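This briefing covers the ligand site, an aromatic pair and some backbone features. Please look over the model before reading the points below.

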Amino acid sequence: MGNAIILAAGKGTRMVSEHAKVMQKVLGEPMIGHVCDNLEEAGIDRIVTVIGYKGEEVREYLGNRSSYALQEPQLGTGHAVMMAEELKNETGKTLIVSGDCPLISAETYKEFLKASEEADLCVLTMVPEDPKAYGRIVRDENGAFLRITEYKDCNKEEKKIREVNAGIYCVENSLLWEYLKEINNENAQKEYYVTDLVGIFLAHGKKVSAYAAKDADEMMGINDRKALAEANEWLKRKINAKWMAKGVTIYDPAHTYISKDAKIGKDTEIYPNTTLEGNVTIGENCVITSGTYLRDTTIGDHCTIDASEITDSEIAEETTVGPHSHLRNGCKIGAKCRIGNYVELKNTTFGYNTKCAHLTYVGDAVVGSKVNFGCGVVTVNYDGKHKYRTVIEDGAFIGSNVNLIAPVHIGKNALLAAGSTITEDVPDGDMGIARVRQSNKEGYGSKYLKK
Ligand code: UD1
Ligand code: CA
């Protein structure tokens, strides 16, 4: 439905970083990810990303969501656009966006595309409280658009202009490739500015218009760490406000970090210092307490997640996790389970109503329903070279401080005696016990303590 060029080759000197600027994260996701998400949602189906400084990072992160054009060396935003030559023969409009404007929503892109329909070139503008060093929109006495002047090239009067360039353009593709050639680098920074297109289009008698965005904050260009913090703050407030309006209790929105892809059911309560990153789904009537970190995880209704870290996992309804537990690498936990205090689960599935309540590590295990783990159970799943599975069938009772040396299979309703180191399979209904018999030495205790 449309083409877009994302400019993402710049070094981002003001960020002072070893990474590509557009890889800096806003609420857990690189800026360029936000830009792509929002463009796709606005109906853009062909994206060319211009990469340069640390371009491999960007390419690896976006993968096949975009094609790539290399800009080397980086001679300015106009020069960057020239690199996206593969769009030369496209028809219709091309959207040019900055990779460092992650907050511009799909709605704004849609409105902008609509507003651009009549023009050969349309520029997204804004009127912020503080126009900072953004390019100035220069107009004549009748208000007609004349040109964009970069801050460093502005005279005293131009610096006072508050209407500025958001760095997003919609342009008739055939004209773009014709007029790009006319951009030169005769300016303060000796760069090829994409912004010069305005003057060039007008000189050729083409129709140039400006579309003023409703919310200047959304247009924020993230050039340094201060702006990055402001972007995080702004998006955090927006997202938290949305979930509160949908019936989620957020006790301290200033200290609750919810990714834009997260989904949360009503009557769920979220305590301060909670972070939800990536694709997190939380059901209704859950309680998520302080210190919880969830990434790419699904939580069913009526769950409590207490000060715990869960990544890449699924938890069914009415299960409680924590305090202080860690679930990772594809755990699938059934309904009405109890996990924690201080439990680590890795690549493990639990059936229904299984309890693992204290100080336990279970990895690479398939555990049935109504299994009970005592305190301090360890699946010994790794021999230093390979990882092995542990299978525990329904109703088994694993005594405290049991080691399960994998691979091992524990049958239905089997009982493992506390303190056992289990190296062989235990059939259904049997008891496995593997520990040294105790002997008491008469009077030895008090004799020893007297010394
Ligand atoms: C740019 C605009 C300015 C506008 C502002 C809005 C120009 C000359 N100026 O300024 O009018 O107000 O955005 O945020 O366009 N890039 C490349 N290759 C390059 C240079 C830059 O790909 O050679 C990329 C950067 O990675 C960045 C984007 O283009 O994602 C914008 O570049 P940046 O240096 O941030 O431009 P600004 O100074 O912010
Ligand atoms: Ca910028």
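Helices and strands here are DSSP runs, numbered from the N terminus; a helix has at least four residues and a strand at least two. With that numbering, strand 10 gives the most to the shell around ligand 1: three residues. The model is predicted. Ligand 1 sits in the largest pocket.

**Ligand shell**

- There are 25 residues around ligand 1. Gln71, Gly76, Thr77, Glu150 and Asn165 come nearest.
- By class, the shell around ligand 1 holds 12 polar, nine nonpolar and four charged residues.

**Polar contacts and cover**

- Glutamine 71 uses its side chain: a polar atom there lies 2.7 Å from a nitrogen atom of ligand 1.
- Glycine 76 uses its backbone: a polar atom there is 2.8 Å from an oxygen atom of ligand 1.
- On its own, ligand 1 has 750 Å² of accessible area, and the protein covers 89% of that.
- Which elements give two or more residues to the shell around ligand 1? They are strand 1 (3-8), helix 3 (77-82) and strand 10 (164-172).

**Aromatic pairs**

- Five aromatic pairs turn up in a search of the whole structure.
- One of them joins phenylalanine 350 and phenylalanine 373.
- Phenylalanine 350 belongs to strand 29 (residues 349-350) and phenylalanine 373 to strand 33 (residues 372-373), so the pair ties together parts 23 residues apart in sequence.

**Backbone features**

- The peptide bond from glutamate 72 to proline 73 is cis, with omega near -5 degrees. Proline 73 lies in the loop between strand 5 (67-70) and helix 3. Helix 3 is also one of the elements that give two or more residues to the ligand 1 shell.
- Alanine 406 and proline 407 are joined by a cis peptide bond, with omega about 0 degrees. The loop between strand 37 (403-405) and strand 38 (408-410) holds proline 407.
- Lysine 54 is not a glycine, yet its phi is positive, at about 50 degrees. Lysine 54 is in the loop between strand 4 (46-51) and helix 2 (55-62).

Notes: Residues numbered from 1 in each chain as written. Chains lettered and ligands numbered in written order. Predicted model: local features only at pLDDT ≥ 70, side-chain atom pairs only at ≥ 80, totals over all residues. Heavy atoms only, no water. Near = heavy atom within 4 Å. Polar contact = N/O pair within 3.5 Å; in protein donor to acceptor, adjacent residues only side chain to side chain. Areas by Shrake-Rupley, 256 points an atom, 1.4 Å probe, with all protein chains shown as cover. 1 Å grid on protein atoms, 1.4 Å probe; cavity = no way out; pocket = protein on both sides within 12 Å on 5 of 7 lines; lining within 4 Å. Sits in = over half its atoms within 2 Å of the grid points. Nonpolar A, V, L, I, M, F, W, Y, C, P; charged D, E, K, R; others polar. Phe/Tyr/Trp six-rings, centres within 6.5 Å; stacked < 30°, edge-to-face > 60°.
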